[in-house]
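User: I would like a close look at one part of this protein, with the residues named. Please keep to what the model itself shows.

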Amino acid sequence: MEQLSSIVGFLENKTILVTGSTGFVAKVFVEKILRIQPKVKKLFLLLRAKDSASAATRLYDEILGKELFVVLKEKWGSDLSNLITERVTIPVAGDISCEDLGVKDDQLRNEMWSEVDVVVNLAATVNFDERYDVALAINTMGPKHILNFAKKCVNLKALIHVSTAYVCGEKAGVMNETPFKMGETLNGTFDLDIDLEFKVMREKLQQLKEDKLSEAAITAAMKDFGNKRAQKFGWPNTYVFTKAMGEMLIGESRGNMPLIILRPTIVTSTIKEPFPGWIEGVRTIDSLAIAYGKGRMECFLGDPNSTIDLIPADMVVNSIIVVIAANADKPGETVYQVGSSNRNPLKYSSIPLWGHIYFSENPWTGRDGKAVIVGKIKILDTMESFHSYMSLRYILPLKMLELVNIVSCHYFDEFYTNAKRKIDVVMRLVQLYRPYLFFKAIFDDKNTGKLRATARNSMDSADGFHFQFDPKSIDWEDYMMNVHFPGAVKHLFK
């Protein structure tokens, strides 16, 4: 990869369209751009909203008003208002599930087509258990709509589509940075027809409506349907299946456009910028860790010897910015996997170990004002051991409660229903997350390695400092104990 004169300099006078602007990574991206390059021309921030006024409200309430922007505010002071409101950040009411991204303002749409240099797609529904119709609209057809919009941008230099490394499904071994071929499945066949998927989805939805089911029943049925369709072709859930199909659609239709598919692994709290420990949106490891800290969990499920691939959000954002500069005006499709399992693997067993140490030294304060004492956590290393544990600890007592409830003329109906619902939720979540608790793959990052070299070898010596995203630099114990756990407690579970 050729040497760049300056990554920060490249951003000067550029106009960038960002989709999914209220998302976790998107906010970190917007903050970084504004902090390091105030001479960026414009940031068009696409927000799902009914009109421009609603979009502007979301911009301030859900993006600029967040604590994440405190460093930016301290840096620019009173000038920040001018930087943001008068010329740079422009909220755009729209929806990626619609043609032309749902932008109804003709003047604004034409302005975007004439000025946008770079499109960064960070929009997605990341719910593993999403309705199939919703996931298809956002994760599969959304990228196609964004690609079509980008093709109309006369000055376009690159389209960056942020996907997920877990489009590989449950494969074991080394996962290469290769794009999907249209119709490719994880079963080794090429019989996936995306048009047919939309057709069967619409037919299923129509059938459910004709059956006059409640909206809740329709939602549950569409969630199950999506997972069944995913598993038919080798993917474990609706999320990664629809993300993979999104990659296929834009890969096939890109033409000569410079298309970059960026696949991060599990994105965690910031390690450095704008300050350590900022996070938004609960990840699996965070919900488990906090449940344990609150004394609500005594065991973790998963293979203790497996590798859990984490990458801090600011490192992901740094890779996105370097990708933009390095691939601008270079036709072709390139995949970059951004993770840690290849260069700095972290064992799954370390998470409960460090969680025990952290919450022993920094105990959670319960509702009664007393410190919650946590015990050493038990790791259930097979699904069989998990099912045995659940049966003895919860399911058998629930069956006894069911009998008592029957003989007492349903006196315990409410208690029994709530207990059963909680157990059903746990069992469904475990089924959804099982592939990642016993994950056996490592993500190759040769392309990303070349990208890191580009930042280090930039003619601007400051680039190596501004755009650090080498996971080898992470001391995992220090990061989890002094950055991530405290950040999760502060920002996710106040």
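Which residues in α14 meet which residues in α15?

Analyst: The model is a predicted one, and the description below rests on it. From α14, the residues that take part are M383, F386, H387, M390, Y394, I395, L398, L401, E402 and N405. They meet D413, F415, Y416, A419, K420, I423, V426, M427, V430 and R434 of α15. Sorted by class, the residues of this contact comprise 14 nonpolar, two polar and four charged.

As to the geometry, helix α14 spans residues 383–407 and helix α15 spans residues 413–437. Their axes come within 10 Å and cross at roughly 160°. Since angles over 145 degrees count as roughly antiparallel, α14 is therefore roughly antiparallel to α15. The crossing in which α14 passes α15 is left-handed.

Helix α7 (residues 132–151) packs with helix α8 (residues 194–210) at an angle of about 155°, and the axes are 10 Å apart. By the cut-off of 145 degrees, α7 and α8 are therefore also described as roughly antiparallel to each other. Here too the crossing, of α7 past α8, is left-handed. On the α7 side the contact is made by Y132, D133, L136, T140 and M141, and on the α8 side by I194, E197, F198, M201 and L205. This contact has seven nonpolar residues, one polar residue and two charged residues.

In the loop between α7 and β5 (158–162) lies K157. With a relative accessibility of 18%, K157 counts as buried, because the limit for that class is under 20%. Leaving aside residues up to four places away in sequence, K157 touches F10, K14, D117, P258, N327, A328 and D329.

The cysteines complete the account. A search of the whole structure finds zero disulfides. The sulfur of C98 has its closest cysteine sulfur in C153, at 17 Å, which is too far for a bond, because a disulfide requires sulfur atoms within 2.5 Å. For C153, in turn, the closest cysteine sulfur is that of C98.

Note on methods: Residues are numbered from 1 along each chain as its sequence is written. This is a predicted model: local features need pLDDT of at least 70, side-chain atom pairs count only at pLDDT 80 or more; totals for chains, interfaces and linings use all residues. Side-chain values use heavy atoms; hydrogens and water are left out. Axes are lines fitted to C-alpha atoms, for helices over the stretch in contact, and angles run from 0 to 180 degrees between N-to-C directions. Helices (H or I, at least four residues) and strands (E, at least two) are DSSP runs, numbered from the N terminus. Angles under 35 degrees count as roughly parallel, over 145 as roughly antiparallel, 65 to 115 as roughly perpendicular and the rest as oblique. A crossing is left-handed if the near helix is turned anticlockwise from the far one by less than a right angle, and right-handed if clockwise. Contact means heavy atoms within 4.5 Å. Ala, Val, Leu, Ile, Met, Phe, Trp, Tyr, Cys and Pro count as nonpolar, Asp, Glu, Lys and Arg as charged, and the others, Gly among them, as polar. Buried means under 20% relative accessible area, exposed over 50%, partly exposed in between (1.4 Å probe, protein chains only).
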